[in-house]
Amino acid sequence: NKPPTGIWTVVSGDTSGFKVYATDDAKVALNIPDWTISMKIKRPNNIADLGVITDNATLILTLTPAPDLNDGPGEFTVWLTAQESNVLQTGDIFDIQLSDATRVWTVCQGSMKILEDVTD
């Protein structure tokens with residue numbers, strides 16, 4: 001199945017985050033500590049590919065999403081620091097993968113929309 005897609009809107013220079021909720025086929029929340037979570041944000045190498053999920057892209061950031069104290073069963077949080085959001089551009093792409101000893105599963109993918117900051 002195609003993973004859910006989204007647009008992550010971030011103000012350049014701000015911290016930003018969102019939660020991911022992952023379930024199995026029976027809609028039962030996954031036990032997130034059983035999985036390794038990885039995320040990459042890349043920049044497409046061709047202008048025509050901006051915002052399009054493509055292998056033809058250059059790595060910009062590697063993030064390590066993890067459950068935080070406010071996350072419930074099946075949830076984990078993706079965070080960007082202010083410094084990380086400063087290097088991103090509209091059209092950058094990302095995906096998030098869960099993996100264990102036998103599986104790799106892309107649970108979300110999308111593109112970035114970066115808004116300019118007025119107050120430094």
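Me: Where is the place of Asn45?

Reply: This is a predicted model, in which local features need pLDDT of at least 70 and side-chain atom pairs count only at pLDDT 80 or more, while totals for chains, interfaces and linings use all residues. Residues are numbered from 1 along each chain as its sequence is written, and side-chain values use heavy atoms, with hydrogens and water left out. Helices (H or I, at least four residues) and strands (E, at least two) are DSSP runs, numbered from the N terminus. Asn45 sits in the loop that runs between strand E3 (36-44) and strand E4 (57-63).

Me: Is Asn45 buried, exposed or partly exposed?

Reply: Buried means under 20% relative accessible area, exposed over 50%, and partly exposed in between (1.4 Å probe, protein chains only). Asn45 counts as partly exposed because its relative accessibility is 44%.

Me: Which residues does Asn45 touch, not counting residues up to four places away in sequence?

Reply: Contact means heavy atoms within 4.5 Å. With that exclusion of residues up to four places away in sequence, Asn45 touches Asn56, Ala57 and Thr58. A polar contact is a pair of N or O atoms within 3.5 Å; within protein, one must be able to donate a hydrogen and the other to accept it, and residues adjacent in sequence count only if both atoms are side-chain atoms. The side chain of Asn45 makes such a contact with the side chain of Asn56 at 2.8 Å, and another, of 2.6 Å, joins the side chains of Asn45 and Thr58.

Me: Where is Ser85 found, and is this residue buried or exposed?

Reply: Ser85 belongs to helix H1 (residues 82-86). Its relative accessible area is 0%, so Ser85 is buried. Not counting residues up to four places away in sequence, Ser85 touches Val10, Val11, Ser12, Gly13, Asp14 and Leu80. For Asp14, the backbone oxygen lies 2.8 Å from a polar atom of the Ser85 side chain.

Me: How many aromatic pairs does a search of the whole structure find?

Reply: Rings of Phe, Tyr and Trp (its six-membered ring) pair if their centres lie within 6.5 Å; planes under 30 degrees apart count as stacked, over 60 as edge-to-face and the rest as tilted. The search finds 4 aromatic pairs. Among them is the tilted pair of Phe18 and Phe94, at 6.3 Å centre to centre with 50 degrees between the planes. This pair links distant parts of the chain, with Phe18 in strand E2 and Phe94 in strand E6, 76 residues apart. Trp8, Phe18 and Phe94 form one aromatic cluster. Phe94 is buried, because its relative accessible area is 4%.

Me: What volume does the largest pocket have?

Reply: Rolling a probe the size of a water molecule over the atoms shows where empty space is left. On a 1 Å grid over the protein atoms alone, a pocket is an open set of points where a 1.4 Å probe fits, with protein on both sides within 12 Å along at least five of seven lines; lining residues have an atom within 4 Å of a point. Grid points are joined across faces, edges and corners, and a volume is the space filled by probe spheres set on the points. For the largest pocket, the volume is about 440 Å³. Of its 18 lining residues, the closest to the centre are Asn1, Thr23, Asp24, Asp25 and Trp105.
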